[in-house]
Structures are given as C-alpha cells and as structure tokens.
Amino acid sequence: MTGQLDGLIARADVCVVAMAECFRGDGEILANPIGTIPMIGGRLARATFEPDLAMTDGEARLIANDEAFEWPRGKVVEHFNPYRQMFGWVWNGRRHVVMGGTQIDQYGNQNFAAIGDYARPKVQLLGYRGAPGNTINDTTSYWVPNHTPAVLCATVDTVCGVGYDRAAALGEQAARFHEIRFVVTNLAVLDFETPDHRLRLRSVHPGVTADEVQAATGFELVVPDDVPTSRLPTPDELDLIATVIDPTGQRLKEVPG
Amino acid sequence: MKDKRCTEEEAVAELSSGMTIGIGGWGSRRKPMSVVRALLRSDVDDLTVISWGGPDVGLLCAAGKVKRLVYAFVSLDSIPLEPHFRAARQSGAVEDEPYDEGMFLLGLQAAAWRVPFLPTRVGLGSDILRDNDHLRMVASPFDDGEELVAVPALTMDAAFVHMNRTDARGNGQYLGPDPYMDDLFLGAATKRFLSAEKIIPTEDLSTEGPPQSLLISRLLVDGVIEAPNGAHFTSCDPDYPRDEAFQKAYAASAKSPEAWAEFREAWLQLSEADYQAKLRVHQ
C-alpha cells in the first residue's frame, strides 16, 4: 500500500488517528467531521473506542456504516437528518464539529468568509456558513491539511468561528458551551491547554520537528520542553482504515507522503 | 376552485425592480433555475436576493440584477467557491448582508411566523455582529437575563421554490434527500411561486412518495409552474443529478467579460423551451 512500504506509516494515516482522537470521550453525540481525513478519522473513532457516536452521510441521513464514502453495500440509515435538523443538534448541544479554516489565530479564532477588509474583500470565500453558531454552542475542532503561516496566522481578517479570547470577553454565561478542542494539521496536533488558552503544540507527526512546526506558524506557539510524537496507528487501525473505512485511499490524496 | 397554473414569464411579470425575493433550494441543489432564467431575460433589477446561495445568486450577480445579497454562504457544492458571486463581492457591486446558517433559518422562520425576530446564542463573539447591522442584542425578560442575538424576520415580496412533483393547486412534493427550507420561504413571502418537474393529479401524489414528502401545502402557493428539467444545471434528485459539465462551463464564464458574454449569448438569451431543446442536442 502507498506510503506503508518499508514499514513506514503514511502521514495521512497519522492524521486520521489524530482526527479520531478528537472525539475520544465524546460518548453519544453527533460527530460531524467535515473534510476527507476528518470523515475517515470520525469513522475510525466510532469503529474502535467511541462506538456510540452518530455520524452523517454528508447529506440528510445519520448512518451506521463504518465506510466513510460511497457505501457500495448501501447505507444503514439510523435517522433522517436534513439541514434544519442539524441546527437542532447544534443548538441542543449534541454535536462536535470539525471545520476547516482559511485563517486560524493563536486563540482559535477562525475565518473562511473573506480575506482582507470584509466590506470590500480582496478574496471572497464561502461566507460565514455555520461557524458562529457551531463555536458558541458546541465543541469544535479544526482540520488544516496545509499548515502554513498564512493559515495559522497572527490575526484573522474576519472572525467566523469564535476563539478563546473572544469567548472569555463574552463572560461565563454566554460562553458556557464554547470549547475548541484540537487543531489537527498535516504536521502536528495542537491544543489550547494553556492558562490563557493560547495554541500549544501537543504532538508532532513522525518526521516533523517542533522547530519546523513553529516555522510553519505565523505566531509564537506554546511549545513544551518535551513534545511527544503523535500517536501512531495500530496494525488493527491501519487494517480497518485501508480495508473498510477508506479502501480507495482518498486520505492519501488529501495528505500525500 | 382557483387555477394557479402559470408560466415562468407570468410569475416574473409579478415582480418589479427594487423588490426583495427569496429563492429556495440549497447551494447547487434543487434551485428554481427556469424561473431564474426568466428573471434574467426580464428587465427587473435592483433586487434584494435571499438565498442559500448557489448559481442562482451567481447568475443574478453576473447579470447586474442584485442590489443587496442576504445569505449565509454561496457555493456550487462540487465547486466550493461561486466565481460570479466572488467577483461581485470583490468589485463592491453588491451590498452584503451576511448571516450564520442557523440565523438564516431563524430569520425565515420569524418571517413565516410573523414575529419581528427570534433570539439565539448564535453570533455572540463573532464578527457577524460587526458585518450585519440588521442584527441586534436582546436581553431575556426572565430571571436569567441572558444576552442573546435578535435575528430579524427575513420577510420578502416574492419567493420561488422548485419541487419534484406538485398538483395544479400547489401541493408540492420533494422526493430527494432534503426538504431544505423551501416551505419557510413561501411562508415568508407575499407572492409565492412553486415550480415542479411534473404537475400530477392530487390523487397520484401518494403513489410518488410518503405523506412526509408533501412539504408544501397549497395554502402557501399562489402560482404553479410546470418546469421539466427546470432545476438544471443544479441537482433535482432523484429525477436527475447536477449537470457537472455544464456547471463547469458556467463557472468558467466568470474568467473574463468575453467568456461571460459568450455564455450569456449561448445559454441565457433564449426561451426556456429553446434552452431545453439546445441542452438535448448537446447531451
């Protein structure tokens, strides 16, 4: 299999495991990872250590299948879940979403609406989508397939997803459901487990140094003295990913090598 | 009994420049595109457009018909960023009224329920309160005193939605995966139009799908348009998927004024019947 020759573990598989770890301890909630590797990671979490997670087919159903895509043997439908029902879950506090971000700052503020001055943007992107509501109502994690200083940047141009500094300014009542758990990138796993909730390097993927992660980041990271290596997939996990969850190898297209 | 059947042209004739219109569907899915095409052929402009935006928004922006855009996102799904919408935003051609997706649902619901706003936690801490001056803060009148965001009712002069089936009275049926918010658009509008792939007798609706597929009641509909392939090039599952090749050609038309002029001449300056006939030749 690509990337696993010579006993090497594909970076994509390390990222999948890191995404799965985002959901550890979540129990019976809607895990809603958006993106290729997030969807595979969510499936892996459910197929192994978080069996009670509920997950979508990317459209209007919650399905029990372990496969992340295509469902050649059909979908096992658990629930009708059109968009309007998704907002029901968000507002009811039953969801952990994984979003992307064109810009993410050191407190976890996120932007995918527009680059530059919002009133007359240099680059118009998607719009606010559901980011304000997701972040103020439920646990959020982020997936960054291309960790660069432009993405992990000092200041975001527009705050779509609410970060820890903004949440703190709102006060305890308004921010009581806010949690940004992890930022998983193609280089590392980061969290906010610092006194002032600044982004901290939690682990580096095999073959990546802490200095390389800092160099790819547009602000100063909190870097502990000893940075562990991200958890490697077990042989059983690798088998599950390659034969059941993502047999066509879509993860390797998102993160090559 | 009222006869609500009409054409796209007759529906668009009910509009005038400066109106606020809502367009159902979601992204590049089940959009009332035959009505959008009729609107593009009309001289109506200066519109405020409320939409879960897809190529409806892009086309109306490219044609210079939009004054103000009320939206949570604009996307072609398989092409994440809508190029004509981007161009309009980046050139400052349209006024911008952004919402979070959940807020957008509440705004439509508020309008359909005839209340001025609905409260939510959504928006607290984000820049949407900076960028949308229609949003306000409201304090809970109860002992908790919680500070919440008030999302204004998104009322509209006219709304257009596209269904898989309908009867002639406007009992509309979706057969695809998601109802989206089409019923709320009709509830929020003064003039309400439903196009559908097929108009069928009322007694046949129950053979097409279960009762819960009957999303739209005739109580919400003034005009019914039969529009086979009317959502093209957006998807209208299970009747047909998105025409990805056509959508790519549409997206490429944003590359230059010449490309847009070419696309417009080839596909937008002809009647709906001629458009559909031309499509059949191309496929």
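## The nonpolar core

In this predicted model, the largest nonpolar core has 141 residues, and those with the most contacts inside it are Val16(A), Met19(A), Val49(B), Leu108(B), Ala159(B) and Ala188(B). Such a core is a set of buried Ala, Val, Leu, Ile, Met, Phe, Trp, Tyr and Cys residues joined through C-beta atoms within 7 Å, where buried means that 20 or more other C-beta atoms lie within 10 Å of the residue's own, with C-beta atoms placed from the backbone. Helix H1 (residues 11–22) of chain A gives the largest share of this core, 9 residues; helices (H or I, at least four residues) and strands (E, at least two) are DSSP runs, numbered from the N terminus.

Not counting residues up to four places away in sequence, Val16(A) touches Ile37(A), Ile40(A), Gly41(A), Leu44(A), Ile241(A) and Arg251(A), a contact being two C-beta atoms, placed from the backbone, within 7 Å.

## A strand pair in chain B

E5(B) pairs in the antiparallel sense with strand E7 (residues 147–152) of chain B over 4 bridges, pairing being called when DSSP finds at least two bridges, and the bridge partner of Thr120(B) in E7(B) is Val149(B).

## Notes on the model

Residues are numbered from 1 along each chain as its sequence is written, and chains are lettered from A and ligands numbered from 1 in the order in which they are written. Local features need pLDDT of at least 70 and side-chain atom pairs count only at pLDDT 80 or more, whereas totals for chains, interfaces and linings use all residues.

Notes. A residue is buried if 20 or more other C-beta atoms lie within 10 Å of its own, exposed if 12 or fewer, and partly exposed in between; C-beta atoms are placed from the backbone.
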